[in-house]
Amino acid sequence: MSDTSEAVGLAQYRRCEVCHEMGADVATRMFVGTSGGDHTSYAHADCAEVAGVEVIKP
């Protein structure tokens, strides 16, 4: 599986923090705890743009 198709496959399970629908494809926030635990928030690219949410760039 290529990196692109894997990312698309995982996106189907991510809830958009703006519209709350599944399929979010861009990371908007990432929290990493001192214990090493983490949480990343996602949004659809269009939702992030309309809402003015910054997108994390790799």
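**Notebook: burial, contacts and confidence**

I began at Val53, which counts as partly exposed at 24% relative accessibility; I apply the cut-offs that buried means under 20% relative accessible area, exposed over 50%, and partly exposed in between, with a 1.4 Å probe and protein chains only. Val53 is found in the segment after α2, and its C-alpha atom is separated by 9.4 Å from that of Arg29, 24 residues apart along the chain.

I note for all entries that this is a predicted model, in which local features need pLDDT of at least 70 and side-chain atom pairs count only at pLDDT 80 or more, while totals for chains, interfaces and linings use all residues. Residues are numbered from 1 along each chain as its sequence is written, and side-chain values use heavy atoms, with hydrogens and water left out.

**Confidence and layout**

I looked up the pLDDT, the predictor's confidence in each residue on a range from 0 to 100, and found that the chain averages 87, with 86% of the residues scoring at least 70.

For the layout I take helices (H or I, at least four residues) and strands (E, at least two) as DSSP runs, numbered from the N terminus. The secondary structure of the chain then comes to two helices and two strands, which follow the pattern α-β-β-α when read along the sequence. Of the 58 residues of the chain, 22% count as buried.

**Strand β1**

Which residue forms a salt bridge with Glu17? Arg29 does, with the closest N and O atoms 2.6 Å apart; by the rule I use, a side-chain nitrogen of Lys or Arg must lie within 4 Å of a carboxyl oxygen of Asp or Glu. Arg29 lies in strand β1 (residues 26-32) and Glu17 in the loop between α1 (3-11) and β1, so the pair ties together parts that are twelve residues apart in sequence. The structure holds one salt bridge. I list both partners as partly exposed, Arg29 at 40% relative accessibility and Glu17 with a relative accessible area of 24%.

Is Thr28 buried or exposed? Thr28, which lies in strand β1, counts as buried at 9% relative accessibility. The C-alpha atoms of Thr28 and Val55 are separated by 4.6 Å, although the two residues are 27 residues apart along the chain.

Val32 also lies in strand β1, but at 58% relative accessibility Val32 counts as exposed. With Met30 and Ile56, Val32 makes a nonpolar surface patch of about 290 Å². I record the rule for patches, which are made of residues with over 30% relative accessible area and no salt bridge, like charges being joined within 9 Å and nonpolar side chains (Val, Leu, Ile, Met, Phe, Trp, Tyr) within 5 Å. Accessible areas come from the Shrake-Rupley method with a 1.4 Å probe, and for residues only the protein chains shown count as cover.

**The loop between α1 and β1**

Tyr13 lies in the loop between α1 and β1 and counts as exposed at 60% relative accessibility. Tyr13 and Asp25 are twelve residues apart in sequence and 9.7 Å apart in space, C-alpha to C-alpha.

His20 lies in this loop between α1 and β1 too, and is partly exposed with a relative accessible area of 47%. Phi of His20 is near 70°, which is a positive value in a residue other than glycine. For context, most residues other than glycine have a negative phi.

Which residue lies over the face of Tyr42? Arg14 lies there, at 4.1 Å from the ring centre; a charge sits over a ring if NZ of Lys or CZ of Arg is within 6 Å of the ring centre and within 35 degrees of the ring normal.

Ala45 lies in helix α2 and is partly exposed, with a relative accessible area of 35%.
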